[in-house]
Amino acid sequence: MNSFSFLEKSARQWPDTVALLQGEESHTYAHFRDRSLAIGGNLLALGCKTGDRVAFCLANSPRILEVVFGCFAAGLVVVPINARLHAREMAYIVENSGAKILVHGPEFAEGIALHADLFGGLTHQISTDAFNTLLNPANRLPCAVEAAPEDICWLFYTSGTTGKPKGAIWNHRMIRVVIMNYLADLHNIQPGEMVLHCAPMSHGSGIVALPAVARGATNAITTSASFDVEELLSTIELLKVSHIAFMAPTQIIKMLEDHVPARHNLSSLKAICYGGAPIYVEQLKQAIATFGPVFVQLYGQGEAPITITGLTAAAHQKLLDANDLRIGSAGQVRTDVEAHCVDADDNPLPPGQAGEVVARGDVVMPGYWKDPQASAEALRGGWLHTGDIGYFDAQGYLFLLDRAKDMVISGGNNVYPREVEEVIILHEKVANCVVFGIPDDYWGEAVHAVVVPKPGEMLTAQEIIAFCGDHMAGYKKPKAVDFVDELPVSGYGKILRREVREAYWAGHESRIGGGASAARALV
Ligand code: AMP
């Protein structure tokens, strides 16, 4: 089944329902289908053949979903690129995927022209200024081409925090599974509901758009195409938004910081999906107390989109009411996914024992694009090795500790940064923090914390270390603490722990932040 059929069906059942909405621009489902068929036909007319790659680098807009469904219709492989990447990084993905066509926003034209030699493999670059060339009705396909479940339709490039990004291959079967699992296990979007996008649609938000299309809901996009708390909350009120497609935890924290209590009527909200990085329990509790029992957690990765485990809004509420610590988990394994943890030799571990999370099921990619070695390594033994360390409890709730590479080994003890961060964040003067290991002659690695104090608050390293000592084993306490004004985050809103950490491994000195607050406080 070609994934285009989800759109085809919605266009037949709800032709006049608004499918895509951004500011003054709106398209009904019938219109969305016709435009996507036109895009598919025009891509073929430009010389694309079945299975060719079409990349896009676009700020959030209806164009993203039109290009995605246009590629589905024509049997092409869509390659979303994060619009926050540098032209060189964009070029790497274009080159690695072998894309023939790049659809981009006009704002990227200059960067692409500056590095034109790196984009030499493209046959066409189409700026959205000239998007009409893709809408020529003369080339419109009468219907989508046939596609088999295993036909490749999407390359999802990983964020590349551990080297060059790799293209996780997605096929039509995976898209179907993503849609069905989302509706069945996480949040059952209803026809005509309003789903709002405020995070990059090249990533999680765009994937949640797929079940919204399948259900005939409206995919609305913030007018600014970016994330601004006041705009977001006023849009929820104005459009009676029922569902925010996806938010990174850093966006939830920003929402907590910047919202004006009671200014907007948010009663239409039923779900805010979040994931992609840990949220600290304390912040999650505050978010639920402030915005209601609407938070839905997803845990997955580009290699198994977008959920291996999940926690519904109702489950959050139930755990919160029972004061159950599992509110801090990543939820339970999805209905048609298998997952457990393994030791370093790939032996399954019993509940409670930490190891690498592995997953199996139709949601798992068949491999990485043009990288058989990395594919074999990631999929050894028929299981996706996620690189995430965690443990399942007896009821199957997954507690994620950290990425395998982020674990600190201090004096022979394993310390998971997240455990320490969960404690530091409880301190009333702390706004944010990140923990990692730094080289230490005695301990091998020493636990190190970098803390962002709340505005106007003064803190000392001793205060943080003593606070940790009240909550956790001595060996897990940070040996030293630095203070900074802010932490670097990725284009997808993830705190870049490894970027902060690298500065310490290079020179053993703090090189981040700046100003008086960055003074190092060793104890
Ligand atoms: P990406 O492929 O860019 O979506 O990144 C996937 C990675 O993000 C996972 O392997 C995890 O390390 C992390 N991640 C995703 N969802 C969660 C979650 N709910 N809680 C904690 N970490 C998460």
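1. A polar atom of the serine 10 side chain lies 2.6 Å from the backbone oxygen of valine 213. The model is predicted: local features need pLDDT of at least 70, side-chain atom pairs count only at pLDDT 80 or more, and totals for chains, interfaces and linings use all residues. Residues are numbered from 1 along each chain as its sequence is written, and side-chain values use heavy atoms, with hydrogens and water left out.

2. Serine 10 sits in helix H1, residues 4-13 (helices are DSSP runs of H or I, at least four residues; strands are E runs of at least two; both are numbered from the N terminus). Serine 10 is buried, at 0% relative accessible area (buried means under 20%, with a 1.4 Å probe and protein chains only).

3. Which residues does serine 10 touch, leaving out those up to four places away in sequence? They are Pro15, Tyr29, Val213, Ala214, Arg215 and Gly216 (contact means heavy atoms within 4.5 Å).

4. H9 has these buried residues: Pro249, Gln251, Ile252, Ile253, Met255 and Leu256. Their cover includes helix H8 (229-239), strand E11 (243-247), strand E12 (271-275), H10 and strand E13 (295-301).

5. The second largest pocket has a volume of about 840 Å³ (a pocket is an open set of points on a 1 Å grid where a 1.4 Å probe fits, with protein on both sides within 12 Å along at least five of seven lines; lining residues have an atom within 4 Å of a point; the volume is the space filled by probe spheres set on the points). Of its 38 lining residues, Thr250, Ile253, Lys254, Glu257 and Asn432 are closest to the centre. H9 gives the most to this lining, six residues.

Conventions. Buried < 20%, exposed > 50% of the residue type's maximum accessible area, 1.4 Å probe, protein only. Polar contact = N/O pair within 3.5 Å; in protein donor to acceptor, adjacent residues only side chain to side chain.
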